[in-house]
Amino acid sequence: MSFCKLVKFYSISVFHFCRLTLLFSDSRYICSDTCNLQTAHKGTIEMLRRFIGQASIAQRCRCLISRQSSADTLRRCSSSATASSQAPVGTSAEQPTNTQFSDDYTSQPAARISIDRSGLSNPPEHSHETSKDSELVKHLKSIIKFRGGPISVAEYMEEVLINPKAGFYINRDVFGAEGDFITSPEVSQMFGEMVGVWAMCLWEQMGQPDRVNLVELGPGRGTLMADLLRGASKFEKFTKSLNIHMIEVSPALKKIQKLTLKCEDEDENTATTLTGTPVSWHSTLEEVPTGLPTIIIAHEFYDALPVHQFQKASRGWCEKMIDVAEDSKFRVVLSPQPTPATLYLLKRCKWAPTEDLSKLEHVEICPKAMDLTQNIAKRISSDGGGALIIDYGLDGIVSDSLQAIRKHKFVNMLDDPGSADLSAYVDFPAIKHSAEEVSEDVCVYGPITQSHFLGNLGINFRVESLLQNCTEEQAESLRTGYWRLVGEGEAPFWEGPNEQMPIGMGTRYLAMAIVNKKQGTPVPFH
């Protein structure tokens, strides 16, 4: 039996089946109490049972027809019902002039069924082709689609760097020559040793407390902390007072940090065998116990915090947003109305000289840096201690600095997100104002250049001491590392390949300290 005929036959049968319920709706089944309702229900079920028990579908249909006065009446009712359900799409439905039912379905007259498809959706044709998008790209696009519009540059940056599944920092080691970039602790052991000198000097200014929290934000491989502890290992009173807290969100980097610090076990709370100092890992600064004097080190941490970008337009400052273009690639657009980050922009503009703002077409702000600084200042105000912030940045408002680095080269930040590091210049005046705004019990010093900071702590004497007991190869490494830390531009003594020439970071990186007023001015900010 053809499909069309089967549809036609069952459509007519269902019509008559519906009419069966009308036959039961006479006065004998209109009940006013529960008992009568039950009787009506039983009567209905019994008639339906007899109907279903017929030998064939055709017999059931004849049983229905026998209850009508005549076939003509049936045809009139059928025609009337069909006319009332005409399809709006313009298709017609015709009823046969002589409706006969038999067990031979192939003998049924032809009929066209009217179907209204106007309410049906038309999904795109399914494709089995594999998407070239990475899981992070799919995730970003799904956020934009769910929001019904673009996301901020800050949200894009945060997802790219620390997405729990596919973030740049989450599942791999990105530091060193084999990674994507090199930080000062990886350049030379002298950097961590000088930071250790600063921490010990602050500890002495604090009165050499028996217990102190030493916190590092974003410890990387753990190299800075390891060099600090090695350099301070002879000062046993200092190392015994320490409770080390590492703020890290990357599971991969946590494992590397534990190896670098030569920790006793894989627990989140353990101890380093370098000095026997207890070490704990946390995801945020808020998880570090309060109540003890605290020394906080943030080296190249602030530059990875997500920034909001604004561009001057005819209607004022508009936030830059990340959207998906028609070709399915990411693009930068401007927000048509003010965004929540505009409140931070207004605050930052109040701190900036009017003449500086008038010259800018772009502005970057980092609300998370402002909020983090205020949390640090509150802790130092209540518990005592200080914080050291070293990063590349500006002693002024930042314009348009966000950049992407992959394998030591600059790339487009929208190209293959998650495969390159995203970072931006640190706005040091914003850090200073944020700390002073929240507490009157702290003082902010700096920024000063990294060259000035390291030089006044004695790095010159340290490199001379190391050069007296080393091989020629080690001596070359020390001189190169020293220049990268304190020099400016290309090293004048370099005789090797140009692509390996050390570039000084001494003036591009700045240092700032936030301390409790009771401790006085920290070295070397006098």
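1. Helix H12 (residues 342-351) packs against helix H14 (residues 367-383) at an angle of about 70°, and their axes lie 10 Å apart. H12 is therefore roughly perpendicular to H14. Angles under 35 degrees count as roughly parallel, over 145 as roughly antiparallel, 65 to 115 as roughly perpendicular and the rest as oblique. Axes are lines fitted to C-alpha atoms, for helices over the stretch in contact, with angles from 0 to 180 degrees between N-to-C directions. Helices (H or I, at least four residues) and strands (E, at least two) are DSSP runs numbered from the N terminus.

2. This is a predicted model, in which local features need pLDDT of at least 70 and side-chain atom pairs count only at pLDDT 80 or more, while totals for chains, interfaces and linings use all residues. Residues are numbered from 1 along each chain as its sequence is written, and side-chain values use heavy atoms, with hydrogens and water left out.

3. Which residues make the contact of H12 with H14? H12 contributes Tyr344, Lys347, Arg348 and Trp351. H14 contributes Pro367, Met370 and Asp371. Contact means heavy atoms within 4.5 Å. By class, the contact has four nonpolar, no polar and three charged residues. Here Ala, Val, Leu, Ile, Met, Phe, Trp, Tyr, Cys and Pro count as nonpolar, Asp, Glu, Lys and Arg as charged, and the others, Gly among them, as polar.

4. Now the rings. The count is seven aromatic pairs. Rings of Phe, Tyr and Trp (its six-membered ring) pair if their centres lie within 6.5 Å; planes under 30 degrees apart count as stacked, over 60 as edge-to-face and the rest as tilted. Tyr156 and Phe330 have ring centres 6.0 Å apart and planes at 65°, so this pair is edge-to-face. Tyr156 lies in helix H6 (residues 153-162) and Phe330 in strand S9 (residues 330-334), so the pair ties together parts 174 residues apart in sequence. Tyr156 and Phe330 are both buried (under 20% relative accessible area; exposed is over 50%, partly exposed in between; 1.4 Å probe, protein chains only).

5. Phe168 and Tyr169 also pair edge-to-face, with ring centres 5.3 Å apart and planes at 75°. Phe168 is buried at a relative accessible area of 0%. Tyr169 is buried at 14%. One aromatic cluster is formed by Tyr392, Tyr425 and Tyr509.

6. Two lysines sit over rings. The charged end of Lys141 is over the ring of Phe330, 6.0 Å from its centre. Lys258 lies over the face of Trp281, at 5.1 Å from the ring centre. The rule asks for NZ of Lys or CZ of Arg within 6 Å of the ring centre and within 35 degrees of the ring normal.

7. H6 deserves a look. Seven of its 10 residues are buried, so H6 is largely enclosed by the rest of the structure. They are Val153, Ala154, Tyr156, Met157, Glu159, Val160 and Leu161. Their cover includes helix H5 (135-147) and strands S1 (151-152), S7 (308-313), S8 (316-324) and S14 (421-423).

8. Check the backbone. The peptide bond from Gly446 to Pro447 is cis, with omega near 10°. Pro447 lies in strand S16 (residues 442-449). The bond from Val523 to Pro524 is cis too, with omega near -5°. Pro524 is in the segment after strand S19 (509-516).

9. Lys262 has a positive phi, near 50°. Lys262 lies in the loop between helix H11 (251-260) and strand S4 (269-271). His408 has a positive phi near 70°.
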